[in-house]
Amino acid sequence: MSALEKSMHLGRLPSRPPLPGSGGSQSGAKMRMGPGRKRDFSPVPWSQYFESMEDVEVENETGKDTFRVYKSGSEGPVLLLLHGGGHSALSWAVFTAAIISRVQCRIVALDLRSHGETKVKNPEDLSAETMAKDVGNVVEAMYGDLPPPIMLIGHSMGGAIAVHTASSNLVPSLLGLCMIDVVEAMDALNSMQNFLRGRPKTFKSLENAIEWSVKSGQIRNLESARVSMVGQVKQCEGITSPEGSKSIVEGIIEEEEEDEEGSESISKRKKEDDMETKKDHPYTWRIELAKTEKYWDGWFRGLSNLFLSCPIPKLLLLAGVDRLDKDLTIGQMQGKFQMQVLPQCGHAVHEDAPDKVAEAVATFLIRHRFAEPIGGFQCVFPGC
């Protein structure tokens, strides 16, 4: 995956069982399969990775908002996980199984507003200020005036929101802060619309969506894609495919041909397409990221200095150092935060390499004496 693509993306189970066709959490999209065998792109339920699910009600000026959270663990610090734009809390599923087998901790993975199964009165407001307040409100609703020790961990947009939450002191019991593959990189955001336009608009089924995510490289780990894509797409009726747009047909991206028989024939074909679409109940993205452009600047501008100014232990995990800006480079050299590069990952680092991310986070927690190791876990101290 290119640097541009990386910039664009925006039951009880103490240890997960191997899923059919998954090949393990580190196998990614390239798995060794026997002759004639096909990879399994069927969706997997959240309950295979998280212990419980809860809808947390938050009252505000406009009424009640309901935030979906997935939880695991009963002791130790809370790792509050914030997903990237367009993703959902389910993107942390495989990581959750990996981390709770290494250190004693509690997991709370949150669907941010307008994402996943969270329902809010004002879904259009995705400002950094509003989303950071959401995080603080959910913590207060869950734990009251005496929240347990909490570490914020965020990927991409979620990493930015984690930093805004920390810098605004919205979580009083905050222990530490971790950003995953998010740096300021404002120049790269200028091309984000082009990337989003290149994605399919609809999918024939959840299986097709999962297959596309793996084959396109958006998620390089089939095991993670099978559980997390459920949180990215939704089933809709009455979705129409604009002329010339992309759609998924049996897992293959195809371009619709332009009609040369005049507007009447085009109109007729569109009506037929609409009927077929309604019949098939296609899947589409839960959130149109292109419409969030006005908030990108607020999410990311000045983020590096904001991250550096947070007076708590900090961890930065990157898929590559190509977008590491001057402020972060100097800050890292001065020892203001711990940084680790996880190569051979796409933008969704915690999905592509959940075990490696779990090792890095577990080591960070143990190093700062925030959590105790379990299961014989040995810290792996990085060289940077």
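Which residues does Ser72 touch, not counting residues up to four places away in sequence?

1. The model under discussion is predicted. In it, Ser72 touches Tyr49, Phe50, Glu51, Thr96, Ile100, Cys105, Arg106 and Ile107, leaving aside residues up to four places away in sequence.

2. Ser72 belongs to strand β2, which spans residues 63-72. With a relative accessible area of 2%, Ser72 falls under the 20% limit and is therefore buried. A polar atom of the Ser72 side chain lies 3.0 Å from the backbone nitrogen of Glu51, and Glu51 is also one of the residues that Ser72 touches.

3. Pro311 is situated in the loop between α11 (303-309) and β12 (314-318). The relative accessible area of Pro311 is 81%, and because values over 50% count as exposed, this residue is classed as exposed. Pro311 and Lys336 are 25 residues apart along the chain, and their C-alpha atoms are separated by 9.4 Å.

4. A further point concerns the packing of two helices. Helix α3 (residues 128-143) packs against helix α4 (residues 157-167) at an angle of about 75 degrees, and their axes are 9 Å apart. Since angles of 65 to 115 degrees count as roughly perpendicular, α3 and α4 are therefore described in that way. On the α3 side the contact is made by Ala128, Met131, Ala132 and Val135, and on the α4 side by Met157, Ile161, His164 and Thr165. The residues of this contact of α3 with α4 comprise six nonpolar, two polar and no charged.

Conventions. Residues are numbered from 1 along each chain as its sequence is written. This is a predicted model: local features need pLDDT of at least 70, side-chain atom pairs count only at pLDDT 80 or more; totals for chains, interfaces and linings use all residues. Side-chain values use heavy atoms; hydrogens and water are left out. Axes are lines fitted to C-alpha atoms, for helices over the stretch in contact, and angles run from 0 to 180 degrees between N-to-C directions. Helices (H or I, at least four residues) and strands (E, at least two) are DSSP runs, numbered from the N terminus. Angles under 35 degrees count as roughly parallel, over 145 as roughly antiparallel, 65 to 115 as roughly perpendicular and the rest as oblique. Contact means heavy atoms within 4.5 Å. Ala, Val, Leu, Ile, Met, Phe, Trp, Tyr, Cys and Pro count as nonpolar, Asp, Glu, Lys and Arg as charged, and the others, Gly among them, as polar. Buried means under 20% relative accessible area, exposed over 50%, partly exposed in between (1.4 Å probe, protein chains only). A polar contact is a pair of N or O atoms within 3.5 Å; within protein, one must be able to donate a hydrogen and the other to accept it, and residues adjacent in sequence count only if both atoms are side-chain atoms.
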